[in-house]
Each structure stands twice: as structure tokens, then as C-alpha cells.
Amino acid sequence: MSTAPKQLVIISGKGGTGKTSLAAAIAHLAAGELPIVIADADVDAANLDLVLHPTRLESHPFSNGLVAEIDEEKCISCGLCEEACRFDAILVPDRTGDPYGIDEVACDGCAACVYHCPVEAITMREPQVGEWYLSETPYGPLYHAHLFAGADNSGKLVTLVKQQAKLRAMDDGRPLVVVDGPPGIGCPVISAASGADLALIVVEPTLSGAHDLARVLELTDHFGVPALVAINKGDLSEQQSAAIEAFCRERGVALSVRIPYDTLVTEAMVAGQPITAWAESPAAQAIRALWATIKARLGLQGKE
Ligand code: SF4
Ligand code: SF4
């Protein structure tokens, strides 16, 4: 019987903390020791592929919810659907001569119009609102996705990407799924973090850093996900780093080593490489120590 893989999710209270660079570096280090699967759960702004250079193997449509659709050939312009719709989603003909139509953004999918139409001109359909992909990277299979502009419920797409990654890990006997989560504390982050064995929370030493961290910790606590905190560019503010460390001690949250500011990280990003594959720099060394901590926390066996 296949065993469930460990799931590491990398999240942050806001964007721009270096979360994705760190996720790419952890994926690189992890893949050097054990077979992994990678999931980019930041479906609103996926960018892990900029560093992992995936080769796309599969694309799949992602549909969500229902919207009404009017068959112009059948419609007799009676207007009953407009009266039935509580969401103002029926587009009424005007002087332009357009027929009755549906405002897909406003449509709630309630189907009331379907039942009121006397000539069965309205049907419900599942619109495609995004795509999800399987790609191959030098570090293992990558599951990622793209939600079309204006589409909502990215949490559902995040769940789908994670499920696919987990199933692949189970099928192949890969012991770890590395999930690059979305920033913030909204629905997609909840989907990314739920069921994880460990959340690595990336924070920068800024005034808002401790505040952002507190919000994310409320979320991980709520879902019972153990957390580990990494202060990225920790040496940029000794005062703020110390404040975050004190906060972590108070909350009883494990703190990893600080990752120092390192110009080679930017150089590696420009070159499209994880920093740990690019140079043995101070940041790379700190991330190696972080990976050793993660491995121990997850009880994973890898090379020492
Ligand atoms: S499905 Fe409901 S919300 Fe959508 S157009 Fe029909 S009545 Fe309006
Ligand atoms: S209820 Fe049916 S026939 Fe009447 S306007 Fe709407 S779509 Fe056309």
C-alpha cells in the first residue's frame, strides 16, 4: 500500500518576502537527497516556473461553478428571465439590436431563469476559468496552474493542484511534496496549508513583519499545522529581526536560522537558478541549515 508523503508548505503573510526563491532552493536541496514532487499553489500569480524551468507535459482545463447560457435561436424575447433573475445578470436587448444574453460575472448560477423560460432557451454550463498543468523540472514533477483573470475560487484550484501532487507522490513512492503557497491569509492560503505536515513561514524584518507573521500563525494554529519561521534578509534590521525572534519565543514557535541578505540571490534569480544551485553564498549556507531542520522535523531520511 502506498504511504502518504510528507507535505511541506512554504507561505508568507504578504508577497515579496522571497518565498518563491526559498521554495525553489528547498526543492533543489530536497531533490538532491530524495525523490520529491513540487506544487506551485500560488495559482493567481504562479512564478516558481521562472526558476525551475519546467517542460510542460500535460494541460487540463479547470472549470468552476455554473453560468446560464441563452440559445438565441430559441429565445422569443419574452423577458421572463429578466424578471426571474435576482442578480441582474440578464443582458436585455437595447438599441444595438443585441439579443437577450447573460452577464457571466454577475450570474450566480441559481438556474431560476432556466425554470422561467417558456421555450427552454436557457441551459446551464460549466465555464472554464483556468488550467492546471503537469510539468517536468530538473528536481521532479511540478504541478501548477493558472487561474484566468477575473475568475474566483482559487482555493478550489489550489486544492486540485495539491491533490494531484500528492497522488503523484503516492503513486511513485516519493516521500515529500514541496508546496509553494500563495501569500496572505485568504482562502487559497487555507487550501494550501490545510493538511500540511509543516508550514515554513517566510518573514522579512520589517515593521509589518511581526504583524504579518502573527496573522499567518493564527491560520496555521487553527488548522493544527506545525510552523517553522524563517527570517529572510535577517541582517537588514537587527532590531526587527530581534523583535520577530522574541515574538516566536513568546508564541513557542520554532525559529530557523536567519537567512542573510545576499546579492548573489538576485544574481541567481536573474540567471533563473535556485540560489543553492548557483553559489555557495551566505544565503545558500543558511538555507542548507534550514533544509536540515526541515528534514529532521519531518522525520525524512536523506543524505547528511
Ligand atoms: S442562473 Fe440565476 S443568476 Fe444566472 S442568469 Fe439565471 S437567474 Fe440570473
Ligand atoms: S425567458 Fe427565455 S425566451 Fe424569454 S427572454 Fe429569456 S431566454 Fe428569451
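Modeller: What follows covers the helix pairs, then the domains and the ligand shells. Keep in mind that this is a predicted model.

A word on the description itself. Two packed helices are described by the angle between their axes and by the distance between those axes.

Start with helix 1, residues 19–31, and helix 11, residues 282–298. Their axes come within 10 Å. They cross at roughly 65°. Angles of 65 to 115 degrees count as roughly perpendicular, so helix 1 is roughly perpendicular to helix 11. The crossing of this pair is right-handed. Which residues of helix 1 and helix 11 meet? Helix 1 brings Leu22, Ala25, Ile26, Leu29 and Ala30. Helix 11 answers with Ile287, Arg288 and Trp291. By class, the contact of helix 1 with helix 11 has 7 nonpolar residues, no polar ones and 1 charged.

Now turn to helix 7, residues 209–222, and helix 8, residues 238–251. Here the axes come within 9 Å and cross at roughly 25°. The cut-off for roughly parallel is an angle under 35 degrees, and therefore helix 7 and helix 8 are roughly parallel to each other. Helix 7 passes helix 8 in a right-handed crossing. From helix 7, the contact takes in Gly209, Ala210, Leu213 and Leu217. They meet Gln240, Ala243, Ile244, Phe247 and Arg251 of helix 8. The contact of helix 7 with helix 8 divides into 6 nonpolar, 2 polar and 1 charged residues.

Next, the domains. Domain 1 is made of two stretches, 6–63 and 130–298. Domain 2 runs over 67–125. The C-alpha centres of domain 1 and domain 2 lie 44 Å apart.

Last, the ligands. Ligand 1 is surrounded by 14 residues. The closest are Cys85, Ala89, Cys107, Cys110 and Cys113. The shell around ligand 1 holds 12 nonpolar residues, 1 polar and 1 charged. Ligand 2 also has 14 residues around it. Cys75, Cys78, Leu80, Cys81 and Cys117 are the closest to ligand 2. The shell of ligand 2 splits into 11 nonpolar and 3 polar residues, with no charged ones.

Notes
Residues numbered from 1 in each chain as written. Chains lettered and ligands numbered in written order. Predicted model: local features only at pLDDT ≥ 70, side-chain atom pairs only at ≥ 80, totals over all residues. Near = placed C-beta within 6 Å. Nonpolar A, V, L, I, M, F, W, Y, C, P; charged D, E, K, R; others polar. Domains from an automatic or database assignment. Axes fitted to C-alpha atoms, helices over the stretch in contact; angles between N-to-C directions. Helix = DSSP H or I, 4+ residues; strand = E, 2+ residues; numbered from the N terminus. Parallel < 35°, antiparallel > 145°, perpendicular 65-115°, else oblique. Left-handed = near helix turned anticlockwise from the far one by under 90°. Contact = placed C-beta atoms within 7 Å.
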